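Open the model in your viewer and keep the selection tool at hand.

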Amino acid sequence: KGELRMQSLTFEDAGMYQCIAENMHGIIYANAELKIVASPPTFELNPMKKKILAAKGGRVIIECKPKAAPKPKFSWSKGTELLVNGSRIRIWDDGSLEIINVTKLDEGRYTCFAENNRGKANSTGVLEMTEATRITLAPLNVDVTVGENATMQCIASHDPTLDLTFIWSLNGFVIDFEKEHEHYERNFKV
């Protein structure tokens, strides 16, 4: 196959490699540079979000994405409690923490710890629970004669600390009310 395999790389293996393919019709060369990267984990470029919001009864994923080489091992804590995989909590291979069926008891300070053979680092964020957004009045099916107007309603309840946006779509395509203002009209009622 013409493969070159290297194991247990060290910094001395870094450099320009050249592959030479030759037969009775000639010779051809190809070059590639091998860089050896090694660094302790750091959250300097990608810290955890300081505030993470999760809907009550919903699912949240808290990302932990430090820069590190080789890939670090991850662990998580909530306050001083070390977290382990369970029925509602899962630590992904990429370091993210997933919590399902979020409750008020899940609120608190979460810390991601990353460690490799070069060092360790951690980053912390606070998880806050919000009330889930719910449709309280859904649009109903409507039969309308051609040429008549139709009105469809949608009302939702949501956490008062968050903004709410309604997005309407037709057959899977979002309606652009600015471009189609002669046909569709938004009517906001409080």
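A salt bridge here is a side-chain nitrogen of Lys or Arg within 4 Å of a carboxyl oxygen of Asp or Glu. The model is predicted, so local features need pLDDT of at least 70 and side-chain atom pairs count only at pLDDT 80 or more, while totals for chains, interfaces and linings use all residues. Residues are numbered from 1 along each chain as its sequence is written, and side-chain values use heavy atoms, with hydrogens and water left out.

**Stop 1: salt bridges**

The structure holds seven salt bridges. Select Arg90 and Glu98: they form a salt bridge whose closest N and O atoms are 3.9 Å apart. Strands (E, at least two residues) are DSSP runs, numbered from the N terminus.

Glu98 is buried at 12%, Arg90 is partly exposed at 45%, and Arg59 is exposed at 51%.

For another pair, select Arg5 and Glu3, whose salt bridge has its closest N and O atoms 3.1 Å apart. Both of these residues are exposed.

**Stop 2: the largest nonpolar core**

A nonpolar core is a set of buried Ala, Val, Leu, Ile, Met, Phe, Trp, Tyr and Cys residues joined through side-chain atoms within 4.5 Å. Which of the 21 residues in the largest core touch the most other members? Select Val60, Ile62, Trp76, Leu97, Ile99 and Tyr110. At least two residues of this core come from each of strands E4 (51-55), E5, E7 (73-78), E9 (89-91), E10 (97-100), E11 and E12.

**Stop 3: the disulfide**

With a disulfide taken as a pair of cysteine sulfur atoms within 2.5 Å, the count is one. Select Cys64 and Cys112, joined S to S at 1.8 Å. The angle about the S-S bond is -75°, and the link is left-handed. Cys64 sits in the loop between strand E5 (59-62) and strand E6 (67-69), Cys112 in strand E11 (residues 108-116), and the two are 48 residues apart. Cys64 is buried at 1%, as is Cys112 at 0%. Two further cysteines to select are Cys19, partly exposed at 42%, and Cys154, partly exposed at 22%.

**Stop 4: the aromatic pair**

Rings of Phe, Tyr and Trp (its six-membered ring) pair if their centres lie within 6.5 Å; planes under 30 degrees apart count as stacked, over 60 as edge-to-face and the rest as tilted. The structure holds one such pair. Select Phe177 and Tyr184: the ring centres are 6.4 Å apart and the planes stand at 75°, so the pair is edge-to-face. Phe177 is buried at 17%, and Tyr184 is partly exposed at 23%.

**Stop 5: Thr124**

Finish in strand E12 (residues 119-130) by selecting Thr124. Is Thr124 buried or exposed? At 18% relative accessibility, Thr124 is buried. Contact means heavy atoms within 4.5 Å; apart from neighbours within four places in sequence, Thr124 is in contact with Met48, Lys49, Lys50, Arg109, Tyr110 and Thr111. The side chains of Thr124 and Thr111 are joined by a polar contact of 2.8 Å. A polar contact is a pair of N or O atoms within 3.5 Å; within protein, one must be able to donate a hydrogen and the other to accept it, and residues adjacent in sequence count only if both atoms are side-chain atoms.

Note on methods:
Helices (H or I, at least four residues) and strands (E, at least two) are DSSP runs, numbered from the N terminus. Buried means under 20% relative accessible area, exposed over 50%, partly exposed in between (1.4 Å probe, protein chains only).
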